[in-house]
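This report describes selected strands and a helix of one protein model. The sequence and the structure come first, followed by the description.

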Amino acid sequence: MQGTQIRPARPDDEERIRRFLAGLSLHTQTLRFFTGVSKPAPGLVRTLLRVDERRDALVATTECGEIVGHAMSFKGGCADVEIAVVVTDDWQGRGLGPRLVDTLLLRASVRGARTVGMDVLGENRRVLRLVRRLWPEATMKVASGTVEVTAMIDQAGLFAEQGSVATPLTV
């Protein structure tokens, strides 16, 4: 996607993440966090930026460095890795979300993940369509208004999309 880059999240992204979260519509906040986050708590900001042996975090930035997308993964319970992605309202529908998912899963795959899981609000039709397109064989369980998704990571497809000479972003 022209005009954006995807890179690992860094501790110095703290203020940019705050602005990013505050700029999301209440609807988008609710679809991602299952609640509004009008004034993001410091703990939430730190969690979104944490990268360690159990967690990974990516940001999509514009040419001027503003964050327009965030993706994170963590070693999960129902799957090898669980993921969550959010894209600012102005950038939704341009393919940035799927790019973040692909990059995140490529990095997780390199570290040995074979399955992916996520919780999606039942009203989040855009993400549920994306899940059906990316993982037609995914298991979906409805519980209390959310859909628990579990799928196999298509490693061959991820590496093919990146090209044979590409490597995942490094921290």
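A residue is called buried when its relative accessible area is under 20%, and exposed when that value is over 50%. The model described here is predicted.

**Strand β3 and its partners**

By that cut-off, 7 of the 9 residues of β3 (residues 67-75) are buried, so the strand is mostly covered. Strand β3 pairs with β2 and is also joined to β4. The table lists the two pairings.

| Pair | Sense | Bridges | Residues in the hairpin link |
|---|---|---|---|
| β2 (residues 55-62) and β3 | antiparallel | 7 bridges | 4 residues |
| β3 and β4 (residues 81-87) | antiparallel | 7 bridges | 5 residues |

Towards β4, A71 stands opposite V85. In the turn between β2 and β3, G65 has a positive phi of about 95 degrees.

In general, side chains in a regular strand alternate between the two faces of the sheet.

**Helix α5**

Helix α5 spans residues 125-134, and L128, L130 and V131 are buried in it. These three lie on the same side of α5 because they cover an arc of only 155 degrees around the axis.

Note on methods. Residues are numbered from 1 along each chain as its sequence is written. This is a predicted model: local features need pLDDT of at least 70, side-chain atom pairs count only at pLDDT 80 or more; totals for chains, interfaces and linings use all residues. Side-chain values use heavy atoms; hydrogens and water are left out. Buried means under 20% relative accessible area, exposed over 50%, partly exposed in between (1.4 Å probe, protein chains only). Helices (H or I, at least four residues) and strands (E, at least two) are DSSP runs, numbered from the N terminus. Two strands pair if DSSP finds at least two bridges between them. The arc is that of the directions from the helix axis to the C-beta atoms.
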